[in-house]
Amino acid sequence: MAREIIPDGPNAGWTRWRRDPDGRFASMLGDFMFRQTESGDVVCRMETDRRHSNGLGYIHGGFIMSFIDMAMFSFIFRQLDNSAAVTLSCATDFLSAGIVGKPIEASGEILKETGKMLFVRGLVTQEGVNVASFTGTMRKIPRLPRPEGDGAADRPVSTQVD
């Protein structure tokens, strides 16, 4: 995923993680943006549109959970140096319906870091309304080569939980 700072418009100053459309899951969601506040916290944002809606016309819970998963990685990326991480668990509580066409934001924090684990929590909001709260556990792993071709990879032994 390429990182670029947005120079102008309503998201000026935010960093965008952009994945060229390549058929992978993350490229179907849209651009993910984040910025670091003066206090050092990370805030994340995604625009929403009809493709993110459920049958009732609100933001789909699966999209919100995917956004949360990406947000958790933006909270921990400074801890990863030359390693990667995988999500071991993510608990989500939906607090209010998200409105399609308005951006959602996430803020959060690292609660604890051990040699291999990171524990995070956060909140998804939309125009000041709490949409979801979440907690997650991430496991640091060695950075492995990315799979080639159709994206299929063998299950690496190093991702086993121990």
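## Contacts along the chain

Let's start with how the chain meets itself in this predicted model. Of the contacts in the protein chain with a separation of 6 or more, 52% are between residues 24 or more positions apart.

## Elements and their order

The protein chain has 2 helices and 8 strands. If you follow the chain from the N terminus, the elements run β-β-α-β-β-α-β-β-β-β.

## Burial and surface

How much of the protein chain is buried? Of its 162 residues, 33% are buried. The accessible surface of the protein chain comes to about 9,600 Å², and carbon and sulfur atoms account for 50% of that area.

## A nonpolar patch

One spot on the surface is worth a visit. Here L56, Y58 and I99 form a nonpolar patch, and together these residues have about 310 Å² of accessible area.

You will find L56 in the loop between β4 (42–46) and α2 (61–76). Is L56 buried or exposed? L56 has a relative accessible area of 72%, so it counts as exposed, the cut-off for that class being over 50%.

## Confidence in the model

The average pLDDT of the protein chain is 86, and 83% of the residues score at least 70. Which elements mark the two ends of the confidence range? Confidence is highest in strand β7 (residues 117–126), at a mean of 97, and lowest in helix α1 (residues 25–29), where the mean is 76.

A friendly reminder for reading any such model: where pLDDT is low, the predicted coordinates should not be read in detail.

Methods:
Residues are numbered from 1 along each chain as its sequence is written. This is a predicted model: local features need pLDDT of at least 70, side-chain atom pairs count only at pLDDT 80 or more; totals for chains, interfaces and linings use all residues. Side-chain values use heavy atoms; hydrogens and water are left out. Patches are made of residues with over 30% relative accessible area and no salt bridge: like charges are joined within 9 Å, nonpolar side chains (Val, Leu, Ile, Met, Phe, Trp, Tyr) within 5 Å. Accessible areas come from the Shrake-Rupley method with a 1.4 Å probe; for residues, only the protein chains shown count as cover. A salt bridge is a side-chain nitrogen of Lys or Arg within 4 Å of a carboxyl oxygen of Asp or Glu. Helices (H or I, at least four residues) and strands (E, at least two) are DSSP runs, numbered from the N terminus. Buried means under 20% relative accessible area, exposed over 50%, partly exposed in between (1.4 Å probe, protein chains only). pLDDT is the predictor's confidence in each residue, from 0 to 100. Contact means heavy atoms within 4.5 Å.
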